[in-house]
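Dear colleague,

I am passing on a structure for you to look through, and below it you will find my notes on what came out of it. Please open it beside the text and follow along.

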Amino acid sequence: MKDYKKLAKHLLERTNVKPEFALILGSGLGYLTKYFEDSHAISYSELEGFPQSTVEGHAGRFVLGKFHGKNVIAMDGRFHYYEGHEIKDVVTPIYVFKEMGISRLIITNAAGGINRSFEPGDIVAITDIINFAFRNPLIGPNDERYGVRFPDMSKTIDFDWLEKVEKTAESRGIKLKRGTYVWVTGPSYETPAEIKAYEFSGADMVGMSTVPEIIAARHCGINLIAFSCITNMASGILDKKLVHEEVVQTAQRVKSAFSKVVGIALEV
Ligand SMILES: O=P(O)(O)O[C@@H]1C[C@H](O)[C@@H](CO)O1
Ligand SMILES: Nc1nc2[nH]cnc2c(=O)[nH]1
């Protein structure tokens with residue numbers, strides 16, 4: 001069992017910031033930390049026993065500071081199973097957040113749109129998930145310090161929180177969509193036949209992250225909401241090749257709306 005307490009203590013000792021919220025920033029969404037006030041960055045490489053980020057668009061550091069008046073810690077770079085990390089390492093930050101006393105988490109990602117009413121640039125609130133990677137971070141002895149052996153997953157997100165975000169966003173001219181996110185391991189993008197199968201299964205968007213983080217957060221009792229930035233239409237929907245550069249570019253394009261939504265999630 002990992003010593004999450006030690007990692008949390010180490011992070012808290014490095015700054016005067018006592019975060020109330022944690023943010024996980026998806027591919028190309030790390031720019032958000034530029035808007036933090038009084039920010040302090042701590043590279044993952046400075047933390048003994050912490051995994052390292054290897055993906056373009058994921059800087060590999062924690063940034064602590066103030067955003068929309070709230071003390072936050074952001075992961076500018078997350079861990080994906082396809083990078084070769086153990087599944088338990090992918091969710092290490094969630095248990096570190098728990099040990100830091102954080103009870104609210106905002107997860108973001110870049111995802112491919114399966115639902116044909118979506119378009120690149122849309123911001124979609126995740127309301128349910130499908131685990132088609134068939135990996136689960138809770139496999140192995142249950143860590144009784146944090147949660148039960150069989151966590152309930154009937155409500156993966158905090159709907160009261162989401163409804164407040166949706167209302168405020170709408171009043172500020174931002175219409176959020178809702179959808180079910182399917183997790184696959186990657187790193188190859190999907191084939192058109194796979195996307196048809198996921199569409200048939202009820203998925204609205206597809207990605208390579210988020211689900212292990214949601215499972216771990218449910219396990220240890222951290223309230224969360226999650227947003228996908230639709231960076232491309234999924235394979236086979238348009239007659240177009242998928243490339244990671246486009247994912248990062250679209251995420252950059254929606255900077256303004258995405259930052260506003262995260263800000264609203266901190267305010268409401
Ligand atoms: O970290 P996220 O889920 O935002 O990153 C997505 C999934 C892959 O890592 C990458 C593919 O372009 O973007
Ligand atoms: N698996 C997957 N992940 C993505 N991340 C951003 N776009 C995509 C996509 O089309 N498929």
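A residue is called buried if 20 or more other C-beta atoms lie within 10 Å of its own, exposed if 12 or fewer do, and partly exposed in between, with the C-beta atoms placed from the backbone. Helices (H or I, at least four residues) and strands (E, at least two) are DSSP runs, numbered from the N terminus. This is a predicted model, in which local features need pLDDT of at least 70 and side-chain atom pairs count only at pLDDT 80 or more, while totals for chains, interfaces and linings use all residues. Residues are numbered from 1 along each chain as its sequence is written, and chains are lettered from A and ligands numbered from 1 in the order in which they are written.

In helix α1 (residues 4-14), the buried residues are Y4, L7 and L11. Seen down the axis of α1, these residues fall within an arc of 65° (taken over the directions from the helix axis to the C-beta atoms), so they line one face of the helix. They pack against β2 (37-43), β3 (61-67) and α3 (92-99), where a contact means that two C-beta atoms, placed from the backbone, lie within 7 Å.

Strand β5 (104-113) is mostly covered, since ten of its ten residues are buried. Two strands are said to pair if DSSP finds at least two bridges between them. Strand β1 (residues 21-25) runs parallel to β5 and is joined to it by four bridges, with I24 opposite I107. β5 also pairs with β9 in the parallel sense, over ten bridges, and G112 stands opposite N232 there. With β8, in contrast, the pairing is antiparallel and has two bridges, M205 being the partner of G113.

Which strand gives the most to the shell around ligand 2? It is β5, with three residues, although β8 (205-207) and β9 (223-233) each supply at least two as well. Of the 15 residues around the ligand, A110, G112, V206, G207 and V247 come nearest, a residue being near if its C-beta atom, placed from the backbone, lies within 6 Å of the molecule.

Finally, an unreviewed UniProt entry lists several positions under "binding site", including H80, A110 and S209; such annotations may be inferred rather than shown by experiment. H80 lies in the loop between β4 (70-76) and α2 (87-90), and H80 is buried because 21 other C-beta atoms lie within 10 Å.

With best wishes
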